[in-house]
Amino acid sequence: MIASGVDVQVGANNAVEVKGPKGTLNLQVDSNIALSLEGNQLTLRRLTDQKRHRALHGLYRSLLQNMVTGVSQGYQKELEIIGVGTRAEVRNGVLELALGFSHPIFLVPPEGVVITAEAGGRGQPPRITVSGIDKQAVGQVAAKIRALRPPEPYKGKGVRYVGEYVRRKAGKTAAK
């Protein structure tokens with residue numbers, strides 16, 4: 001089912017273009033998958049029942065669904081930075097992070113991905129929001145930011161997704 005306000009075009013060689021209110025996305029579908037557009041329904045059919053073709057069928061179905069959702073609603077990931085003296089700021093489209101290292105870290109987002117940052121205050125950690133229409137790109141940028149300082153298990157400091165559970169370990173105990 002294609003959402004209202006979204007236009008899907010199937011071109012030569014299984015090239016799919018999805019246009020919506022938030023933008024346009026393109027995908028080249030494998031030639032072993034047959035595409036047919038009837039009304040507001042895009043149907044995928046595999047040519048054989050081989051394991052590879054079954055896998056491609058599910059993959060492209062999910063990718064096309066993510067494209068339709070992306071151009072109609074968009075995707076967003078939120079991260080928070082836990083730790084004293086950490087901060088995040090966006091200047092001229094570039095994310096500047098202070099994560100406890102001796103130097104600041106600068107991250108330029110790829111085209112189509114927007115990063116915003118909120119300073120934390122009064123017990124609230126700084127928050128970073130990564131948004132865009134391409135689910136893979138949004139997830140990749142969020143994962144890259146988290147990988148700069150993943151949460152550590154002893155005090156829980158680091159960059160984590162909002163709502164992420166970090167399993168804590170007990171620290172050393174003094175020997176008697």
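**Close-up views of a predicted model**

**View 1. The four-stranded sheet.** An open sheet is formed by four strands in the order β10-β11-β6-β12, with antiparallel pairing. The edges are taken by β10 (113–118) and β12 (158–161), each with a single partner strand, so one side of each is left without a neighbour in the sheet. From one strand to the next the twist averages 25°. This is a predicted model, in which local features need pLDDT of at least 70, side-chain atom pairs count only at pLDDT 80 or more, and totals for chains, interfaces and linings use all residues. Residues are numbered from 1 along each chain as its sequence is written, and side-chain values use heavy atoms, with hydrogens and water left out. Strands (E, at least two residues) and helices (H or I, at least four) are DSSP runs, numbered from the N terminus. Two strands pair if DSSP finds at least two bridges between them. Angles run from 0 to 180 degrees between N-to-C directions, and axes are lines fitted to C-alpha atoms, for helices over the stretch in contact.

**View 2. Strands β6 and β11, with helix α2.** Strand β6 pairs with β11 (residues 127–132) in the antiparallel sense, over six bridges. Opposite Y75 stands G132 in β11. Helix α2 lies across β6, β10, β11 and β12 and runs at about 5° to β6. Contact here means heavy atoms within 4.5 Å.

**View 3. V138 in helix α2.** V138 is placed in helix α2. With a relative accessible area of 1%, V138 is buried; buried means under 20% relative accessible area, exposed over 50%, and partly exposed in between (1.4 Å probe, protein chains only). Not counting residues up to four places away in sequence, V138 touches Y75, Q76, K77, V113, V130, S131 and G132. V138 and Y75 are 63 residues apart in sequence, and their C-alpha atoms are 7.0 Å apart in space.

**View 4. T86 in the loop between β6 and β7.** The loop that holds T86 runs between β6 (75–82) and β7 (87–91). T86 has 16% relative accessibility and therefore counts as buried. A polar atom of the T86 side chain lies 2.9 Å from the backbone oxygen of G83. This is a polar contact (a pair of N or O atoms within 3.5 Å; within protein, one must be able to donate a hydrogen and the other to accept it, and residues adjacent in sequence count only if both atoms are side-chain atoms). Leaving out residues up to four places away in sequence, T86 touches I81, A98, L99 and P126.

**View 5. The hairpin of β7 and β8.** Strands β7 and β8 (residues 94–98) pair in the antiparallel sense over five bridges. R87 has A98 in β8 as its bridge partner. The hairpin has two residues between the strands, and N92 takes a positive phi near 55° there. Most residues other than glycine have a negative phi. N92 lies in the loop between β7 and β8 and is exposed, with a relative accessible area of 82%.

**View 6. The three-stranded sheet.** Three strands form an open sheet in the order β1-β2-β3, and the pairing is antiparallel. Its edge strands are β1 (7–10) and β3 (23–28), each of which pairs on one side only. Neighbouring strands of this sheet are turned by 15° against each other on average, direction ignored. Four bridges join β1 and β2 (residues 15–20) in the antiparallel sense. V8 stands opposite V18 in β2. Helix α1 (residues 51–72) lies across β2 and β3 and runs at about 170° to β3.

**View 7. N14 in the loop between β1 and β2.** N14 is placed in the loop between β1 and β2. Its phi is near 60°, a positive value in a residue other than glycine. N14 is buried, with a relative accessible area of 15%. Residues up to four places away in sequence not counted, N14 touches L27, Q28, V29, D30, S31, I33 and L35.

**View 8. The second largest pocket.** The volume of the second largest pocket is about 180 Å³. A pocket is found on a 1 Å grid over the protein atoms alone, as an open set of points where a 1.4 Å probe fits, with protein on both sides within 12 Å along at least five of seven lines; lining residues have an atom within 4 Å of a point. Grid points are joined across faces, edges and corners, and a volume is the space filled by probe spheres set on the points. The lining consists of L25, N26, L27, L63, N66, M67, I133, D134, K135 and Q136. At least two of the lining residues come from each of β3, α1 and α2 (135–148).
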